[in-house]
Amino acid sequence: MHDFAQRLIAWQRRHGRHDLPWQTGTDAYAVWVSEIMLQQTRVDTVIPYYRRFLARFPDVAALAGARLDDVLALWSGLGYYARARNLHAAARRILDRHGGVFPRRFEDIRDLPGVGRSTAAAIASLAHGERHAILDGNVRRVFCRLFGVRGWPGERAVEARLWRLAESLLPECDIGAYTQGLMDLGATVCTRHCPRCDTCPFATECVAARQGRQSELPNPRPRKVLPERATVMLVLRHGGEIMLERRPPAGIWGGLWSLPECAVDDDPASAAERLGCQPSAAQPLPTLIHTFTHFRLEIRPWLVAVDRCPVVAESAGRLWLAPDAARQAAVPTPVRRLLAKLAPGDGA
Ligand code: SF4
């Protein structure tokens, strides 16, 4: 399709999105924040988070000078928290190595924590008009359907083929409109479920549409049964407050505040005692299931009323907070859901 780029650009100008909050011109910082938020997250979910984030951290210097806890609290609910930690680390690197100015060179953008090849290309093309190919999840889907590419796009050989395709289709100019057009086509027309082929500018040439294989392409990841893990979370309650514990900086929910945990074959009251509490009553709460990309976590919460409790300090990684305040803190989504279900007087 020799005129793919020109047709996509023309379509984007007429039918694409032009009023997303980060489409304000050439502010690379705004584009960067939006691109990181949009990884694995839909536009309508991202918009309110993006607005709050930009209002609080309007530029690199504000983000670099913030406490990680405040960044995580604003991110809380968006998931994939490594993105927020990387954003914060990258802002500090920009301050140190680039004098607080968002880098212009593609290699420097790609070198930032949390920025891969496609994200760097999106920032370089949308903010700086530079000629680089993107290949995010939406674009992979569009290319697989349009050109009938077989195989799971996460597989190395398939991914390499898609990158070659992406490079070969790049226009010489209007790269910003082209990149935005690819994103818009994937997000609004060639959607994962029920693509709107009747409104697609490439319906005549599209392999999937001609062969009725839209639901088959892209080929899914070969099925793998997710391993299961289980944990007990302790809702230690004393005088109307809940104990939160900071998680280690790396790993699942790294750096977030969460509930103390113990093994499923441990006794929750004994686990509370080991934390320096004197439990007076303990009762199980309904189990929660949380699915990560690589395993399923069964959370068995126990509400433990505590008569006496240790003095703790934020700096030592433990806090007592009222449930409302705990829900506002940088806590993982299942913990927030669990806290929301607690009746005000539960176990106090
Ligand atoms: S014709 Fe349908 S399947 Fe093909 S690219 Fe357009 S929306 Fe996607």
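Ten residues of domain 1 are in contact with eight residues of domain 2. On the domain 1 side of this contact, helix H5 (68-75) and helix H6 (82-98) each supply at least two residues. H5 gives the most to that side, with four residues.

The model is a predicted one. Its chain is divided into domain 1, residues 4-211, and domain 2, residues 228-341. Taken over C-alpha atoms, the centres of domain 1 and domain 2 are separated by 36 Å.

## Helix H1 against helix H11

How do the axes of H1 and H11 cross? Helix H1 covers residues 4-15 and helix H11 covers residues 175-189; their axes come within 8 Å and cross at roughly 75 degrees. Angles of 65 to 115 degrees count as roughly perpendicular, so H1 and H11 are roughly perpendicular to each other.

On the H1 side, the contact is made by Ala5, Leu8, Ile9, Trp11, Gln12 and Arg13. On the H11 side, Ala177, Tyr178, Gln180, Gly181, Leu182, Asp184 and Leu185 take part. The contact of H1 with H11 has eight nonpolar, three polar and two charged residues.

## Helix H9 against helix H11

H11 also has a contact with H9. The axes of H9 and H11 come within 8 Å and cross at roughly 80 degrees. That angle makes H9 roughly perpendicular to H11.

In H9, the residues that meet H11 are Asn138, Val139, Arg141 and Val142. Their partners in H11 are Leu182, Met183, Leu185, Gly186 and Ala187. The contact of H9 with H11 divides into six nonpolar residues, two polar and one charged. Leu182 and Leu185 of H11 take part in the contact with H1 and are also among the residues that meet H9.

## The shell around the ligand

Which residues come nearest to the ligand? There are 14 residues around the ligand, and Cys190, Cys197, Cys200, Cys206 and Ala209 come nearest.

Two helices, H9 (137-147) and H12 (207-211), each supply at least two residues of this shell. H9 gives the most to the shell, with three residues. How do the residues of the shell divide by class? Twelve are nonpolar, one is polar and one is charged.

Methods
Residues numbered from 1 in each chain as written. Predicted model: local features only at pLDDT ≥ 70, side-chain atom pairs only at ≥ 80, totals over all residues. Near = placed C-beta within 6 Å. Nonpolar A, V, L, I, M, F, W, Y, C, P; charged D, E, K, R; others polar. Axes fitted to C-alpha atoms, helices over the stretch in contact; angles between N-to-C directions. Parallel < 35°, antiparallel > 145°, perpendicular 65-115°, else oblique. Contact = placed C-beta atoms within 7 Å. Domains from an automatic or database assignment.
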